[in-house]
Amino acid sequence: MKIREGMLEGFKQQATQCVQQVKEKDPGTIQYDWFISSDNTECEIRETYESSEAFLAHLSNLREQLQILYEKFASDHSVVLYGNPSPELLEKVKARGVDTKLFSLLQGL
């Protein structure tokens, strides 16, 4: 996602609130790491969940925080899903109108 011009500090505060809420309410979250570009204009979040249901719970738990994030502090949000998400998860992501790509595992260790 891109950080709106002049909104870096607010973005960082909102990110902190999101991470804190995930710590408190998302037991199915394995990874939730925020990375910021060297020029402080973009952010990527690396997220890993135990299951599609855990990701759906995450979206529900963070609904308000994410709405604030995208309305005030960030734009150009996109999502890349890896694995075999449930039909319900795919439907929810599609309904959000976010640019989404899906990759299924070809090979791995």
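1. A search of the whole structure finds 1 salt bridge. The model is a predicted one. The pair concerned is Glu44 and Arg46, whose side chains meet with an N to O separation of 2.7 Å. Glu44 is partly exposed, at a relative accessible area of 45%. Arg46 also counts as partly exposed, its relative accessibility being 40%.

2. Asp26 deserves a separate entry. Asp26 sits in the loop between α1 (8-25) and β2 (29-36). The residue is buried yet has no salt bridge. Which side chain of opposite charge is nearest to Asp26? That side chain is Lys25, and it is 8.1 Å away. A salt bridge needs a side-chain nitrogen of Lys or Arg within 4 Å of a carboxyl oxygen of Asp or Glu.

3. The surroundings of Asp26 can be listed. With neighbours within four places in sequence left aside, Asp26 is in contact with Gln21, Ala57, His58 and Asn61.

4. The next point is the cysteines. How many disulfides does the count come to? The count comes to 0 disulfides. Cys18 is in no disulfide, and the nearest cysteine sulfur, that of Cys43, is 9.8 Å away. For Cys43, in turn, the nearest cysteine sulfur is that of Cys18, at 9.8 Å, and Cys43 is likewise in no disulfide. The cut-off for a disulfide is a pair of cysteine sulfur atoms within 2.5 Å.

5. Are these cysteines buried or exposed? Cys18 is buried, with a relative accessible area of 0%. Cys43 counts as buried too, at 3% relative accessibility.

6. The largest pocket has a volume of about 920 Å³. Its lining is made up of 32 residues. Those that lie nearest the centre of the pocket are Ile45, Glu47, Val79, Val80 and Leu81.

7. Which element gives the largest share of the lining of the largest pocket? That element is β3, which contributes 7 residues. At least two lining residues come from each of β2, β3 (43-49), α2 (52-61), α3 (63-73) and β5 (78-82).

How values were computed
Residues numbered from 1 in each chain as written. Predicted model: local features only at pLDDT ≥ 70, side-chain atom pairs only at ≥ 80, totals over all residues. Heavy atoms only, no water. Buried < 20%, exposed > 50% of the residue type's maximum accessible area, 1.4 Å probe, protein only. Helix = DSSP H or I, 4+ residues; strand = E, 2+ residues; numbered from the N terminus. Lys, Arg positive; Asp, Glu negative; His and termini not counted. Contact = heavy atoms within 4.5 Å. 1 Å grid on protein atoms, 1.4 Å probe; cavity = no way out; pocket = protein on both sides within 12 Å on 5 of 7 lines; lining within 4 Å. Points joined across faces, edges and corners; volume = space filled by probe spheres on them.
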